[in-house]
Amino acid sequence: MKRIILAIPRFFVQKRTIVVEIICYLFMFLFLYAALNKLIDYQKFHVELSKSILLAKIAEGIAWGIPLAEILVAVLLFIPRFRLTGLYASFCLMFAFTGYIIIVLNFSPHVPCSCGGILNNMGWTEHLIFNIGFTLLAILGIFLYTDRKEPYGKYVMA
Amino acid sequence: MKNNEKKRLILLLLSTLCIVLALVSLYALSPLSNREIYRGSFSRDFIAEKTLTPQNVLDLGVNSYYISGLTEDEVFLSNYTNPIHLVRMNRQLKDTQHIRLHLEELDSVVSPKIFKTEVDPPYFYMTHGVHPALMKGKVGEWRARHHLSGLAFYTDAVSIDSSTFAIRYFSKSQQAYALALLQEKEPQFKPNTNILRGQAEGMFSVSGMLHYSKELQKVVYLYSYRNQFMVMDKELNLLHRHNTLDTISIARVKVDKIESDNSYTLTSQPAVTQKMSAVSGNYLFVQSALLAKNEDKEEFKKKVVIDLYDINTGDYQHSFYLPRYKNNSIKNFKVTENRLLAIHDQYLVAYRLPDIPSPDPTIVKAK
């Protein structure tokens, strides 16, 4: 199997610790921002979710679950030991959101939006691109992540 | 290290799989996978040519156009995303001309996408219910100026003549939508709060479509969520309440309040009974969302059904289908004489209507 790491631009690999650091902080910021926005106006978020054709039945659980999951992931990313787990979790969340948007855009007769703050002002296509971008970022983070114990730059030389 | 990479790849694929599974089950459990179409207890009378065939088609490239004007010889299209852009073409949908509209004395406006254009030669109108603005200009000159004073916020406007508009607005005293006339003569604002009748709440249960028939000089309002339309004279006096084919007399809507915005929103899946409509001459054309008992469900899903009503008598005439052109339902349609034009996503399609008797000549003369 070809090494995945070789497919990533050299620059990122050389600066991998910094790149992973930046990715983690981006995700922390994104998730905390999104979670707070939802919790601040929980009632609105809940009503919006109950409009969604996909989530209407489980709106109650989802309305609490999503912001809590977002906060949890942000915490995971903050603690160095759990950083890799946090990156997997970020990937899962972003991928799920992306998939949700794709389903809603393609199959639902009407599209409600439940994203907080500035995200609310994005159009659906922009939103989709934004989410896909963050999903890819999580993948990049997962492959670039190294334990601090390992000497870095090892494969760059190979 | 190689192992490490492999492990991460496998974990990543596993998470992908889990999420895909979760989404698929979410989809499978939702009403999307098995959408029930409400089957009414009424039957439809289809004309001999059950499904109309497209006569002319124009690919517009984008799906943001709507038909803003339709005359015997010409078609006018406006664009939601760029309200000052207008397209003019002949009845064969050829000789396309792109026009830039000029808005005078209007520097900026919030949400310009709200602007709606109506071309009715020799004038054209641009309405924006939130600004609120109502502009009027001459076809050919294409310069719109403010028209009518004492404007209230409105949600919908249709021209009756060059100095009178019928609007739908939110009445604070009634806490509900109501209809009104906006006109040059006094009173400039003439409401009639008795036409729209709310059920439990005065917003969604009365939402619908406002039309004016130039030939009959009558205003028509068709509810979206229930089986009724009202016919008024041009002074907005109620003449009749008529029923559409189905028996849904109570709007099937569930409403929830968003406290922070102090706004209301629909929470149930909207149970629209009348999706879209148009008025031409004596007739009201309604795109229905309901399946009749003598209709094939699969055929219904593949087509767009239009029911015809006589505005004067309220009688149902007959129905026909439009195809879903390139698998696109219609976004907007208009009718003139014996032609029906519809926007199917990015395509403008012209259909020929089979023999509908033309409006009574004496009434046309009176215009």
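Local features are reported at pLDDT of at least 70 and side-chain atom pairs only at pLDDT 80 or more, while totals for chains, interfaces and linings use all residues. Residues are numbered from 1 along each chain as its sequence is written, and chains are lettered from A and ligands numbered from 1 in the order in which they are written.

**View 1. The side of chain B that touches chain A.**
In this predicted model, 27 residues of chain B are in contact with 26 residues of chain A; contact requires that the C-beta atoms of two residues, placed from the backbone, lie within 7 Å. Elements giving two or more residues to this side of chain B are α1 (2-29), β20 (255-258) and β21 (263-266) of chain B. Helices (H or I, at least four residues) and strands (E, at least two) are DSSP runs, numbered from the N terminus. With 13 residues, α1(B) gives the most to the side of chain B that touches chain A. By class, that side of chain B has 14 nonpolar, seven polar and six charged residues. Here Ala, Val, Leu, Ile, Met, Phe, Trp, Tyr, Cys and Pro count as nonpolar, Asp, Glu, Lys and Arg as charged, and the others, Gly among them, as polar.

**View 2. Packing of helices α3 and α4 of chain A.**
Helix α3 (residues 42-51) of chain A packs against helix α4 (residues 59-78) of chain A at an angle of about 130°, their axes being 9 Å apart. Axes are lines fitted to C-alpha atoms, for helices over the stretch in contact, and angles run from 0 to 180 degrees between N-to-C directions. α3(A) is therefore oblique to α4(A); angles under 35 degrees count as roughly parallel, over 145 as roughly antiparallel, 65 to 115 as roughly perpendicular and the rest as oblique. The crossing of α3(A) and α4(A) is right-handed, a crossing being right-handed if the near helix is turned clockwise from the far one by less than a right angle, and left-handed if anticlockwise. From α3(A), A:Tyr42, A:Phe45, A:His46, A:Leu49 and A:Ser50 meet A:Ala59, A:Ile62 and A:Ala63 in α4(A). The residues of this contact comprise six nonpolar, two polar and no charged.

**View 3. Burial in α3(A) and the position of A:Leu68.**
Seven of the ten residues of α3(A) are buried, so this helix is largely enclosed by the rest of the structure. A residue is buried if 20 or more other C-beta atoms lie within 10 Å of its own, exposed if 12 or fewer, and partly exposed in between, with C-beta atoms placed from the backbone. The buried residues of α3(A) include A:Lys44, A:Glu48 and A:Lys51. A:Leu68 lies in helix α4 of chain A and is partly exposed, with 13 other C-beta atoms within 10 Å. A:Leu68 and A:Arg3 are 65 residues apart in sequence and 36 Å apart in space, C-alpha to C-alpha.

**View 4. Packing of helices α5 and α6 of chain A.**
Helix α5 (residues 83-107) of chain A and helix α6 (residues 124-144) of chain A pack at an angle of about 155°, with axes 9 Å apart. The two helices α5(A) and α6(A) are therefore roughly antiparallel to each other. The crossing of α5(A) with α6(A) is left-handed. Among the contact residues are A:Phe91, A:Met94 and A:Phe95 of α5(A) and A:Leu128, A:Ile132 and A:Thr135 of α6(A). The contact of α5(A) with α6(A) has 15 nonpolar, six polar and no charged residues.

**View 5. The five-stranded open sheet of chain B.**
The strand order is β1-β25-β24-β23-β22 (chain B), with mixed pairing; strands pair if DSSP finds at least two bridges between them. β1 (46-51) and β22 (274-280) of chain B stand at the edges, each with a single partner strand, so one side of each has no neighbour in the sheet. The twist averages 20° from one strand to the next. Two bridges link β1(B) in the parallel sense to strand β25 (residues 316-323) of chain B, where B:Tyr321 is the bridge partner of B:Thr51.

**View 6. Strand β24 of chain B and its partners.**
Six of the eight residues of strand β24 (residues 303-310) of chain B are buried, so the strand is largely enclosed by the rest of the structure. Five bridges join β24(B) to the antiparallel strand β23 (residues 283-288) of chain B, and six join β24(B) to β25(B), also antiparallel. B:Ile306 stands opposite B:Gln287 and opposite B:Phe320 in β25(B). The hairpin of β24(B) and β25(B) has five residues between the strands, and B:Gly314 takes a positive phi near 80° in this hairpin.
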